[in-house]
Amino acid sequence: MEKVSVTDLYEACYLLLNGAELETVRCIPAGKNINCELVLCGGSLTDLMDEYYQKNAMVNLFSFRSVYSRVSSHIHNAKRSFKKGELV
């Protein structure tokens, strides 16, 4: 099973729509901001990432919106926990 780390929210959503699972969300301090790295696992992630970067990725928009909302929620919760000093 492959494991990849991405910071691109759209890329993460594309991978999730194609069978990947969200393993963890890691917060990374970046000056005054906090960035998040999404760790995903699953099969064929490298092939899916190639498809994404070659601009051949196609998704159902309704499904994409649902996954985008879910991932955004995970990121928001991770940032909130990070700011509170909890481990993320």
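**Helix H1 and what sits around it**

Helices here are DSSP H or I runs of at least four residues, strands are E runs of at least two, and both are numbered from the N terminus.

Quick caveat: this is a predicted model, so to speak of local features we need pLDDT of at least 70, side-chain atom pairs count only at pLDDT 80 or more, and totals for chains, interfaces and linings use all residues. Residues are numbered from 1 along each chain as its sequence is written, and side-chain values use heavy atoms, with hydrogens and water left out.

Now the other end. At the start of H1, Asp8 has a side-chain oxygen within 2.9 Å of the backbone nitrogen of Tyr10.

Buried means under 20% relative accessible area, with a 1.4 Å probe and protein chains only. The buried ones are Leu9, Glu11, Ala12, Cys13, Tyr14, Leu15 and Leu16.

And what covers them? The cover includes strands S1 (2-6), S2 (21-30) and S3 (33-42), plus helices H2 (45-53) and H3 (61-83).

Zooming out, we have 3 helices and 3 strands, and along the sequence they read β-α-β-β-α-α. Over the whole protein, 34% of the 88 residues count as buried. Taking contacts (heavy atoms within 4.5 Å) between residues at least 6 apart in sequence, 69% join residues at least 24 apart.

How values were computed: Buried < 20%, exposed > 50% of the residue type's maximum accessible area, 1.4 Å probe, protein only. Polar contact = N/O pair within 3.5 Å; in protein donor to acceptor, adjacent residues only side chain to side chain.
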